[in-house]
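Have a look at it first, then read on.

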Amino acid sequence: MTLASSHRSVLQALLAGTALLFSSSALSQAQETPPEPSPQGEVAPPAEPSAPVPPAALPPPAEEKEKEKEKTKPWYETLRLRGYTQVRYNRLPSFRVNDSLINDQGDRFLGKDTGFGIRRARLVIFGDVHPHVSIYLQPDFASVIGDQYNVAIMRDWYADIFVDAKKEFRFRVGQSKVPFGFENLQSSQNRLALDRNDAINSALKDERDLGVFFYWAPAHIRERFKFLVDSGLKGSGDYGVVGLGVYNGQTANRAERNNSPHAIARVTYPFLFGSQYVEAGVGGYYGRFNTTATPRDDAAYALARGPNMVDARGIVSLTIYPQPLGFQAEYNFGRGPSQGSFPDEALLIDSRNLQGGYAQLMYKLDGVVGVSLIPYVRGTLYKGGKKFETNAPRYDVRELELGAEWQIWKALELTAAYVIADRTSSRYPYVQEQGHVTRLQLQFNY
C-alpha cells in the first residue's frame, strides 16, 4: 500500500466518524425539542423515537422514610417510661389521736413512732414490641416486708396479646390487676382517697394476681376509657367492657396453694348522660382459698375448717364522673375465709358471710388554683374477713374521710385528708379502735 492510499483510508474513517457523531446529536435534539411547524402551519412528523430510557429513581418521600424506619426499629426502642412517687406525713395534729389505730393493709405509716414515709415509688416500662403484642412492667420500690421498708417488689408484669388489627379483643397474660370493681382498678396515681376502701380491697391483696384474662371493648369505647383518665376525671383505665379470667387466687406475689383457680367475670360500660359521663358495672368471682393459721402469743391456735374454703363475691359499681359534681359508690357481698366474731368462735376460721362498700362525693374545680382542685368526702362500711392476713381476722370498719386533692401542675399534686375511724385493729387481739388521723401526701408524676 502506498503512502497516498494510506492517508486516503485514514481520511475516509475520520469523515465516517464525524457523520455518525452529527447523526446522533441530531437524533438527540429531535427527541428533546418539539417539532417546529412548517411554513404552511403544519407540524412536521416527529422523528422515529429510539428505545425509551427509564428516568432516574426519585428519592422516597420523608413520610415513607419514617415509616420504613419504624418498621426496622428494634423492639427495645419502642418502650417508654413513666411513673409516680407518693411521700406522706401522718403525724399532723388532730382531735383524737390513737396510736393503736393501725391499718396494715392500707397505710403502714399509721400508728406510733411514725413520721415521713414513701407510700409508693412506681416506675412503669411499657410499649408495643409487635403489632399484636404490648408489654407492661411495673415494680414498686416502696413496698414493706416485715419491718423492712422501701423494698422493691413486682406489681405488674404482663403482656397484652391482641387478636385483631383494631385491638378490640385481647388476652392479658401474667401478673396484673384482677378486674373486680372500679376503685380496685383505679390507679393510686388517679384516686382521690389516700387508700383504697377495706370493703372492696379485702377481696385481693395489692389488687393483683397471676393468671390469664380476656378483655373486649369496641375501639371507640377504648378511646373513651383513655379520655376519662387523661382528662383528669379519675377513670379506672381500660379493662374492657367485658372482662373474663382465671387466676391463682392466693393474691399477688404468692404461690398457688391448691389446684383450684379462681374464675372472674365483669361487665362495665361508660356512657354519656346528657353532658356527663356515667359508668355502671357488675361482676363477681368464685374460687377456693387456702388460709394461713398460726399459733398465737397466748399459745392458743387458730384452726381452719378445711384447707380450701369457699371464696366468692359479687359487686355492683356506679360512677358519675366529676363534671364538676361527681359521685362514686360500690357494694360487694359474698363469703370468704374469716374468724368468728370475737370472742365466740374467735379461733375458728371458716368461710363466712361478708358485705360492705363505700360512697364518695366529689367536686372538680378547674383552673381556679393550679390545674384543678377536687374536694371529696367518702364513707366506708365493711363487715367480713381479710383472707390474706394471717389467721384471717374478721373486721368491722366504719370510716369517714374528708379531703381535697390540689393538682398544682401536671407533675405535682398535694392531698390533705382527715379520717374519723372506728375499725378493728390489724394485729392480735383484733379489738376495735377509734381515733382521728390527719395526713398530707405530696405526689410527683413523671
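What volume does the second largest cavity have? The second largest cavity comes out at about 70 Å³. Of its 13 lining residues, those closest to the centre are Gln86, Ser188, Arg191, Gln441 and Gln443. Strand 1 (80-92), strand 17 and strand 18 each give two or more residues to this lining, and strand 17 gives the most, with 3 residues.

Before going further, a word on where this comes from: the model is predicted, so local features need pLDDT of at least 70 and side-chain atom pairs count only at pLDDT 80 or more, while totals for chains, interfaces and linings use all residues. Residues are numbered from 1 along each chain as its sequence is written, and side-chain values use heavy atoms, with hydrogens and water left out.

Helices (H or I, at least four residues) and strands (E, at least two) are DSSP runs numbered from the N terminus. On a 1 Å grid over the protein atoms alone, a cavity is a set of points where a 1.4 Å probe fits but cannot get out; a pocket is an open set with protein on both sides within 12 Å along at least five of seven lines; and lining residues have an atom within 4 Å of a point. Grid points are joined across faces, edges and corners, and a volume is the space filled by probe spheres set on the points.

The structure holds 4 cavities of 30 Å³ or more. The largest cavity is lined by 17 residues, with Asn103, Leu110, Glu399, Arg423 and Arg439 nearest its centre. Strand 16 (394-409), strand 17 (412-424) and strand 18 each give two or more residues here, and strand 17 again gives the most, with 3 residues.

The second largest pocket is lined by 43 residues, and Asp104, Gln105, Arg108, Val144 and Lys205 lie nearest its centre. Strand 3 gives the most to this lining, with 5 residues.

| Space | Volume | Lining residues by class |
|---|---|---|
| Largest cavity | about 160 Å³ | 6 nonpolar, 2 polar, 9 charged |
| Second largest cavity | about 70 Å³ | 4 nonpolar, 5 polar, 4 charged |
| Second largest pocket | about 930 Å³ | 13 nonpolar, 11 polar, 19 charged |

**Helix 4**

Helix 4 (residues 219-230) has 12 residues and reaches 17 Å from its first C-alpha to its last, close to the 16 Å expected at 1.5 Å a residue. In helix 4, Ile221, Arg224, Phe225 and Leu228 are buried (under 20% relative accessible area, with exposed being over 50% and partly exposed in between, for a 1.4 Å probe and protein chains only). These four sit on the same side of helix 4 because they cover an arc of only 100 degrees around the axis, taken from the directions from the helix axis to the C-beta atoms. The buried residues of helix 4 pack against strand 8 (262-273) and strand 9 (276-289). Just after helix 4, glycine 232 has a positive phi of about 85 degrees.

**Phenylalanine 444**

Phenylalanine 444 belongs to strand 18 (residues 432-445). Phenylalanine 444 counts as partly exposed because its relative accessibility is 33%. Leaving out residues up to four places away in sequence, phenylalanine 444 touches Gly83, Tyr84, Thr85, Val87, Ala411 and Leu412, a contact being heavy atoms within 4.5 Å. Valine 87 is 357 residues away along the chain, with 8.8 Å between the two C-alpha atoms.

How values were computed
Nonpolar A, V, L, I, M, F, W, Y, C, P; charged D, E, K, R; others polar. Expected span 1.5 Å × (residues − 1).
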